[in-house]
Amino acid sequence: MFCFQCQQTAGNKACVNTGVCGKQPSTSNLQDELICELIRLAEAAELTKKSIQQKKETDPKLLSRYLNNRKSADRLLIDGLFTTLTNVNFDDKSIKDYINEVQKNQKDIMRCMPTDICHISDIAYKNFPTTDMNSPTANMNFSDTNMNSPTTNSNFSDTDKNLSTANINPLTCGLKDPHDIPVISLWDGTDDIVSLRSTLLFGLKGMAAYAHHAMNLGYQNDNVTTWFYKGLCEVNREHSVEEWIELIMEFGKVNYQCMELLDKANTESFGTPTPTKVHTDIRKGPFIVVSGHDLRDLDLLLKQTEGTGVNVYTHCEMLPAHGYPKLAAYKHLAGNFGTAWQSQQTEFDNIPAPVLFTTNCLMPPRPSYEDRIYTTSVVGYEGMVHIEGTKDGKKDFTPIIKHALKLGGYEHDHSMSGINGGHILTTGFAHGAVLSHADKLTTAIKNGDIKHIFLVGGCDGAHPGRNYYTEFVKQTPMDSLVLTLACGKYRFNDLDLGEIDGIPRILDMGQCNDSYSAIKVALALAEVFNCDINKLPLTLVLSWYEQKAVCILLTLLALGVKNIYLGPTLPAFMTETVVRFLVDTYNLQPITAPEQDMDAILGRS
Ligand code: FS2
Ligand code: SF4
């Protein structure tokens with residue numbers, strides 16, 4: 001296996017024997033195989049589209065068949081990419097089944113290709129410019145799809161791509177087998193090229209998570225969906241460093257549209273988030289804990305538990321759900337359980353309730369609670385009960401509801417002090433709520449009551465250096481605001497930082513999926529103050545863990561946001577060249593020590 005997509009990768013280099021996250025080599029290799037098949041699907045769809053467009057007279061039946069298959073491909077690309085995100089799916093069987101589904105869709109799509117036109121040479125020429133593709137003696141064989149062999153190691157700099165053995169004749173027309181489409185080996189090439197290719201691929205995985213949630217609520221944006229095809233095809237091409245950077249920045253802008261789409265989907269479906277107080281203790285009686293990010297799944301579960309006597313508690317990234325009026329209206333959405341994802345193995349240990357994972361972040365369950373874990377959607381773990389949705393999105397949560405009733409919950413109201421309980425958390429400060437007080441906020445900034453705004457947020461994790469974020473927030477001056485989002489907030493969201501003129505000093509803007517809110521507020525302030533976003537008294541201090549953080553970072557950079565502090569470590573998949581580019585162009589700063597960074601930000605050093 002070879003995997004270096006997340007912050008906890010082994011030795012900050014790569015996981016090559018087994019994943020620090022618990023991912024086994026077989027799963028890792030299957031995930032790479034799935035990515036290659038998704039690339040092939042994107043290529044097949046684009047080739048077929050091009051072929052259909054080139055026909056003078058389009059066969060309407062063929063076109064309609066193609067469009068139907070492409071619709072299925074949209075879902076397969078988005079969910080397939082999300083399946084490979086960190087801490088989502090550890091179940092080999094479900095990944096194999098998914099690969100089969102993708103391969104079937106590739107064939108169905110290519111059957112829509114007019115028989116007399118084929119553009120397979122487009123890929124062959126772009127990928128292998130030095131090979132004489134016209135030569136009938138070219139002897140290349142890409143039918144062995146597992147280019148990412150388990151023997152691939154982290155030393156990818158001198159790996160030979162061995163492309164000169166591909167077997168493509170561009171003059172051949174009417175090819176119908178997707179396996180004639182060459183797919184690049186993901187980890188081969190110079191360090192810098194692998195780094196840039198991986199940056200785009202990991203960004204696509206993150207964007208797929210957002211597109212997945214929006215799609216679940218019936219929202220799609222053509223530009224975003226099309227870019228999954230484009231992005232995967234570009235991952236399959238060779239580019240110069242400059243071309244890769246250009247592509248990555250283009251991606252960052254498209255991801256902004258995807259974040260906007262998800263914001264629209266969530267707010268139109270569940271209302272504009274409003275500041276909401278959330279209990280952290282557990283009421284007596286049966287209950288279910290819901291983790292992950294999918295608001296539609298939560299809504300379905302709340303509907304199905306209504307009147308059953310089962311209470312529902314959010315966990316980790318589901319906490320901001322309480323801010324949405326239509327979700328908060330459910331009386332049995334009773335509070336929030338526990339803290340961030342990396343503490344689940346201790347926090348789930350003894351609770352008399354089942355837990356539903358709607359998305360990341362799932363850790364390998366311990367025997368003491370593995371019979372109480374349920375997965376749904378793209379999440380998978382061998383041996384856990386999986387609640388499958390029907391094609392039209394219906395889900396039956398009866399098994400987990402029955403389980404909750406059987407376990408019965410606590411006999412008395414239960415204090416969770418010890419794991420973040422015993423107090424009230426406040427969430428719901430998304431852009432709608434913050435900007436409804438824009439006048440108050442700008443006045444406070446103008447008259448000096450608020451001298452600085454910090455956005456301290458991002459993913460949490462087990463890395464010891466993550467205490468930085470708690471210490472940093474503790475050191476923020478009394479005349480500053482702290483905006484936060486994502487699960488990194490659990491490092492400090494129970495701190496009482498007081499208020500400035502009635503505005504709480506710490507404002508929870510939502511999930512990592514709600515980073516759009518922070519950008520929107522920053523852009524609105526820049527407009528009010530008629531200045532560049534980088535001239536605002538605003539500093540972003542971000543923690544990253546998985547690939548959603550990658551796509552958010554790329555969006556911020558693409559929007560021209562500079563001086564971002566990033567930690568706890570820089571991504572292992574970014575080479576020195578890439579980091580130097582980010583530092584030189586965007587003044588990206590690796591975090592150092594809280595006092596040192598605070599002094600630098602506030603100009604005290
Ligand atoms: Fe946190 Fe985990 Fe939100 Fe990330 S719950 S680190 O993958 O998604 O942020
Ligand atoms: Fe390692 Fe992270 Fe990959 Fe898991 S997702 S195998 S921890 S790099």
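Ligand 2 sits in the second largest cavity. The model is predicted: local features need pLDDT of at least 70, side-chain atom pairs count only at pLDDT 80 or more, and totals for chains, interfaces and linings use all residues. Residues are numbered from 1 along each chain as its sequence is written, chains are lettered from A and ligands numbered from 1 in written order, and side-chain values use heavy atoms, without hydrogens and water.

A cavity is a set of points, on a 1 Å grid over the protein atoms alone, where a 1.4 Å probe fits but cannot get out. "Sits" requires more than half of a molecule's atoms within 2 Å of the grid points.

Around ligand 2 there are 13 residues, each with a heavy atom within 4 Å. Cys3, Cys6, Cys15, Cys21 and Thr86 are the closest. The shell holds seven nonpolar residues, five polar and one charged. Cys counts as nonpolar; Asp, Glu, Lys and Arg count as charged.

Now to strand 3, residues 311-315. Strands are DSSP runs of E, at least two residues long, numbered from the N terminus. Five of its five residues are buried, meaning under 20% relative accessible area with a 1.4 Å probe, protein chains only. In a regular strand, side chains alternate between the two faces of the sheet. Here Asn311, Tyr313 and His315 lie on one side, Val312 and Thr314 on the other.

| Partner of strand 3 | Bridges and direction |
|---|---|
| Strand 2 (residues 287-291) | Four bridges, parallel |
| Strand 4 (residues 333-337) | Four bridges, parallel |

Valine 289 stands opposite tyrosine 313. Valine 312 stands opposite leucine 333.

Notes. 1 Å grid on protein atoms, 1.4 Å probe; cavity = no way out; pocket = protein on both sides within 12 Å on 5 of 7 lines; lining within 4 Å. Buried < 20%, exposed > 50% of the residue type's maximum accessible area, 1.4 Å probe, protein only. Pairing = 2+ DSSP bridges.
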